[in-house]
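Hi everyone, thanks for coming.

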Amino acid sequence: MTESTDQLPAPIQQTPPKPRKLWPLWLVTVLALVIAIALALWNWQQWQRHQATVQSLQTLQQDTRQLENLYGDRGNQQSQRLQSLEDKLAAQRELIATQQRQIDHNAQTLLEAGNRTRTDWLLAEAEYLLRIGNQRLQIEKDIRGAMSALKSADQVLAESDDVGVYPVRQQLAKELMALKGIENIDRTGLYLTLEAAIDSVHQLTDQALIHESAPGFVPSQAQDNTAPAEGGPGMLTRAWNQFTDTLSRVVVVRRLDETVKPLLSPDQSAYARLNLQLMLEEAEMAVLRGNQALYERALAKASSAVADWYNPENPKVKALDNTLSELSGRNIDPELPDISHSLQLLKRRLAGRGADPADNGSQQQEKAADTGGNPS
């Protein structure tokens, strides 16, 4: 056993394992964590820079749009200003052209006026007077003014010593005779008469309005309750009279076949005056316009109002009614004759003088006589 024991290999003495070193791992972990934190911080900074860059880009884009809009608005304003200046320039050119045409026309008129004779000026004056006469008669319906204008035109034609105006003067005589046959209308007098009637309406008092004369009027108690005379009826009769008087105040019997005129209150009396005033003012307007139908209708309504609302026994009411009756018979729109034929004949004569060679020779002779020289 000993030999066998000796022959056995010597036992190997086992050494205890050494502890592992972990600090490199911790070092790598710390380094990795530091690197990760650094990367996170770097990414965060890059993200902040990216956001700032995006914000800056948006701001720049917004500023660019504002600048584009501003430049666009300025461009539009400049275009509008240029267009306005072009329009003004065109207007100025048109005005200059119009003034130039007017100057040319005036120059031509002056040249033609220099060749006119005294007869031409007299005929032009007669034409102007005939135009005035037609305007006075047709528009203003002024018969006197039209007659004065026609008479003045006839006098001017008589001074012209032109044989060709004989038909014009003949027609003027007929038109003057026609105007003399028309009754003259004094519109101013009619208007003033209606104004006086309106003033008389304002002067009418309540006593002129219908009170006791109206049908169904109830007398006042002071007029009915008169004291009985001495030796009159007895107490029974007086009691019966008092009973019938009280009954008559309670029950009023009116006949329906009579025109019932209203009892007027202060408001109604004011209404009556205002209504009559408006009717007379309507008649005044008809006089100024020459409207015969409106004039007659207004005066008829005014006369009816006077008969319905006012006492006919009052002297002022009688005077007003007589004035309205007198005015209602006036004709304010007579039929006017046509006095334009003489004007047309004179226009034809003026046109014929410019085209007639004989007239041209007479014009030259008249001009030479006026200047004291000989005709060329």
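In which crossing, left-handed or right-handed, does H6 pass H11? H6 passes H11 in a left-handed crossing, where left-handed means that the near helix is turned anticlockwise from the far one by less than a right angle, and right-handed means clockwise.

A quick word on the source: this is a predicted model, in which local features need pLDDT of at least 70, side-chain atom pairs count only at pLDDT 80 or more, and totals for chains, interfaces and linings use all residues. Residues are numbered from 1 along each chain as its sequence is written, and side-chain values use heavy atoms, with hydrogens and water left out.

The chain has 13 helices and 0 strands; these are DSSP runs numbered from the N terminus, with helices being H or I of at least four residues and strands E of at least two.

Back to our pair. The axes of H6 (residues 187–203) and H11 (residues 315–328) come within 11 Å and cross at roughly 155 degrees; axes are lines fitted to C-alpha atoms, for helices over the stretch in contact, and angles run from 0 to 180 degrees between N-to-C directions.

Which residues make the contact? H6 brings Leu190, Thr193, Leu194, Ala197, Ser200, Val201 and Gln203, while H11 brings Lys316, Leu320, Thr323 and Leu327. Contact here means heavy atoms within 4.5 Å.

Finally, look at the loop between helix H10 (292–309) and H11, where asparagine 314 sits. Asparagine 314 is buried, at 17% relative accessible area; buried means under 20%, exposed over 50% and partly exposed in between, with a 1.4 Å probe and protein chains only.
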